[in-house]
Amino acid sequence: MRREYRDAEIIIRKAIKEVLPDKAVRTVLSKRKSLENVYVVSVGKAAWKMAHTCQEILGERIQKGIILTKYGHAEKPLDKFDIVEAGHPIPDNNSIDGTQKIINMVKALTEKDNIIFLLSGGGSSLFEKPIQGITLEDIQEVTQQCLKCGADIKEINTIRKRLSDVKGGKFAAYCAPAKVYAIVLSDILGDKLDMIASGPAYVDTSTCEDAFNIIRKYDLQLKENILSALNEETPRCVDNVETYLTGSVSEFCRAAAKYAKELGYRPYILSNTLDCEAKEAGRFIASIARTVIEKKDYGLKTPCAVIVGGETVVKVSGQGKGGRNQEIALSAADGIRNLENVVVFSISSDGTDGPTDAAGGIVNGKTAEELEALGIKCEDVLKNNDSYHALEKIGGLIKTGATGTNVNDIAVILCK
């Protein structure tokens with residue numbers, strides 16, 4: 001099985017490299033080299049890498065820049081850039097302070113100035129200024145409830161936009177009359193621009209009614225001041241921004257398929273829109289592996305690599321530590337029990353799966369048995385949402401470190 005684990009490592013490393021934002025930033029900015037009086041705002045998990053590429057291209061044209069990214073995601077200081085690291089997935093005081101720094105910079109600009117706005121996933125937590133009547137603690141509480149109940153990212157962002165003074169197109173108003181060129185790295189299924197990082201420079205398509213439907217759906221218990229704030233609609237006009245969308249989970253899937261093929265596997269991209277609960281995704285993926293190995297039908301011939309992209313959710317009911325990709329892997333482990341020549345791995349493209357230092361997990365047909373020999377049952381671990389510690393005990397964690405990109409997740413089945 002060591003060969004398959006080595007293959008998995010190669011696919012992961014090369015596929016992530018293929019979806020780094022450098023190429024996209026270069027493509028867009030190479031057509032804008034004549035821009036003068038440039039100010040750069042880079043927000044999200046990929047903020048440092050996007051800003052670094054911007055600096056390489058525009059150089060002395062940059063007057064000033066600010067990077068606002070997740071803790072541990074900034075590689076080194078950049079000339080002319082201030083770097084602020086802040087909380088994710090829950091905003092913290094650094095989120096507020098970094099956002100205010102950005103606002104102070106852009107609100108002083110004129111129609112003669114140009115703003116390069118580099119945006120990637122994670123921005124909803126990192127880029128935050130509560131509206132009047134709402135506190136940071138309010139937003140933290142709302143975010144915690146949404147994450148625990150299993151709401152998806154579009155639902156969470158629909159609510160967060162209305163509590164923020166920079167989301168839902170509101171940041172674009174701070175930038176006016178300066179022109180904004182937004183380069184957006186997608187981490188949202190369907191690439192909805194108003195949902196990526198909660199759309200700070202794009203017209204919001206969601207409504208107050210949508211927000212209240214989500215509250216009812218998950219029975220969220222929110223304070224009166226929050227409910228009152230959710231009655232305010234977001235701007236319906238943004239006219240000082242040009243937006244360029246780049247990167248997606250589709251590219252990530254294609255990259256994984258490309259490198260799996262180089263290693264001798266027949267690649268099959270099954271879906272790039274997986275958005276169910278993580279445990280269910282793991283069971284589904286295991287059933288595909290079992291079909292390939294035991295039934296050898298449906299056109300899936302070994303050796304093959306079956307690839308599924310998307311972003312699942314975790315409904316938190318326990319007190320453990322883990323992330324959605326680790327739960328997928330552990331759930332799949334039970335389903336591929338005793339299957340030979342099968343490996344399943346699931347990873348987050350940004351290198352951080354949930355509130356952990358792992359990108360995801362990797363399992364095979366012996367994983368469940370190995371855990372049981374240690375007195376650990378997959379079912380119990382999943383109930384306690386403690387996939388990290390279980391996988392750690394049997395060498396099943398994948399650790400890449402912060403990757404510099406963020407285009408959702410992939411899960412891959414390698415069958416020999």
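Asparagine 341 has a relative accessible area of 35% and is therefore partly exposed, since that class lies between the limits of under 20% for buried and over 50% for exposed. The model is a predicted one, and the values below are computed from it.

- Asparagine 341, although a residue other than glycine, has a positive phi, with a value near 60 degrees.
- The position of asparagine 341 is in the loop that runs between α13 (324-335) and β9 (342-348).
- Aspartate 219 is likewise a residue other than glycine with a positive phi, in this case near 50 degrees.
- The loop that holds aspartate 219 lies between two helices, α9 (208-218) and α10 (224-229).
- Aspartate 219 counts as exposed because its relative accessibility is 55%, and the exposed class begins over 50%.

- Alanine 176 and proline 177 are joined by a cis peptide bond, for which omega is about 10 degrees.
- Proline 303 belongs to the loop between α12 (278-295) and β8 (304-310).

Technical notes. Residues numbered from 1 in each chain as written. Predicted model: local features only at pLDDT ≥ 70, side-chain atom pairs only at ≥ 80, totals over all residues. Heavy atoms only, no water. Helix = DSSP H or I, 4+ residues; strand = E, 2+ residues; numbered from the N terminus. Buried < 20%, exposed > 50% of the residue type's maximum accessible area, 1.4 Å probe, protein only.
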